Amino acid sequence: MNQINLIITGTRNAKHKNKTMKTEVRIDKWLWAVRLFKTRTLAADACKKGKVIIHNIPVKPSRNVKVDDVVSIKRNPYLFSFKVLALSENRMNAKLVPDFLKNVTSADQLELIEMGKLIGQSGRDQGTGRPTKKDRREIEDFTEPVFMDEDGDWDL
């Protein structure tokens, strides 16, 4: 009987195809689904704080996003912009993300990001940061108080 129903109604994926053909999706769900935020709660909080912008207007988490909208996300000091290519309410594999969004961040913002990366990669020079065991011993030898003997000679 199931085979007859499959033939009449089409393929088993017919329901799945209808599910992905939505015209609008909540912005917090879409941001989470395309992996711009780790959790949907974080995406909703960013919307509430005014860090998510569509058409130069801060949006609420319940705002619907449509295909071809440009979504901007403020992550100080940068402003990332993404064009919506497709909609999904379900979190997807990272390999599928390029099918759903396109990075349209401006050139000046990309330059700021690169400069930030270069500054962060400078590393630390030897001797800066937490001292090594040898450094600690040298510091202790230098800072230990030196006492004079009773006869006025230095105790070394």
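This is a predicted model: local features need pLDDT of at least 70, side-chain atom pairs count only at pLDDT 80 or more; totals for chains, interfaces and linings use all residues.

Visitor: Which type of geometry describes the aromatic pair of Tyr78 and Phe80?

Guide: The count of aromatic pairs comes to one. Its members are Tyr78 and Phe80, whose ring centres lie 6.2 Å apart with an angle of 65° between the planes. Because planes over 60 degrees apart count as edge-to-face, the pair of Tyr78 and Phe80 is edge-to-face.

Visitor: Is Phe80 buried, partly exposed or exposed?

Guide: The relative accessibility of Phe80 is 21%. Buried would require a value under 20%, and exposed one over 50%. Phe80 therefore counts as partly exposed.

Visitor: Over the ring of which residue does the charged end of Arg75 sit?

Guide: The distance from the charged end of Arg75 to the ring centre is 4.8 Å. The ring in question is that of Phe37.

Visitor: How many residues apart are Lys22 and Glu89, which form a salt bridge?

Guide: The closest N and O atoms of Lys22 and Glu89 are 3.3 Å apart. Lys22 is in the loop between helix 2 (14-20) and strand 1 (25-26), whereas Glu89 is in the loop between strand 6 (78-84) and strand 7 (101-103). The pair thus links distant parts of the chain, 67 residues apart.

Visitor: Which residues are linked with Glu89 in a network of salt bridges?

Guide: Glu89 forms a salt bridge with Lys22. Glu89 also forms a salt bridge with Lys29, with 3.9 Å between the closest N and O atoms. This second pair links distant parts of the chain as well, since Lys29 is in helix 3 (residues 27-33), 60 residues from Glu89. The residues linked with Glu89 in the network are Lys22 and Lys29.

Visitor: What relative accessibility does Lys22 have?

Guide: Lys22 counts as partly exposed, as does Glu89 at 28%. For Lys22 the relative accessibility is 39%.

Visitor: In which helix do Arg136 and Glu140 both lie?

Guide: Arg136 and Glu140 form a salt bridge, the closest N and O atoms being 3.1 Å apart. Arg136 is partly exposed at 37% relative accessibility, and Glu140 is partly exposed at 35%. The two residues are four apart, about one turn of the helix, and both lie in helix 6 (residues 133-143).

Visitor: How many salt bridges are there?

Guide: Among them are the bridge of Arg136 with Glu140 and that of Lys22 with Glu89. The count of salt bridges comes to seven.

Terms used: Residues are numbered from 1 along each chain as its sequence is written. Side-chain values use heavy atoms; hydrogens and water are left out. Rings of Phe, Tyr and Trp (its six-membered ring) pair if their centres lie within 6.5 Å; planes under 30 degrees apart count as stacked, over 60 as edge-to-face and the rest as tilted. Buried means under 20% relative accessible area, exposed over 50%, partly exposed in between (1.4 Å probe, protein chains only). A charge sits over a ring if NZ of Lys or CZ of Arg is within 6 Å of the ring centre and within 35 degrees of the ring normal. A salt bridge is a side-chain nitrogen of Lys or Arg within 4 Å of a carboxyl oxygen of Asp or Glu.
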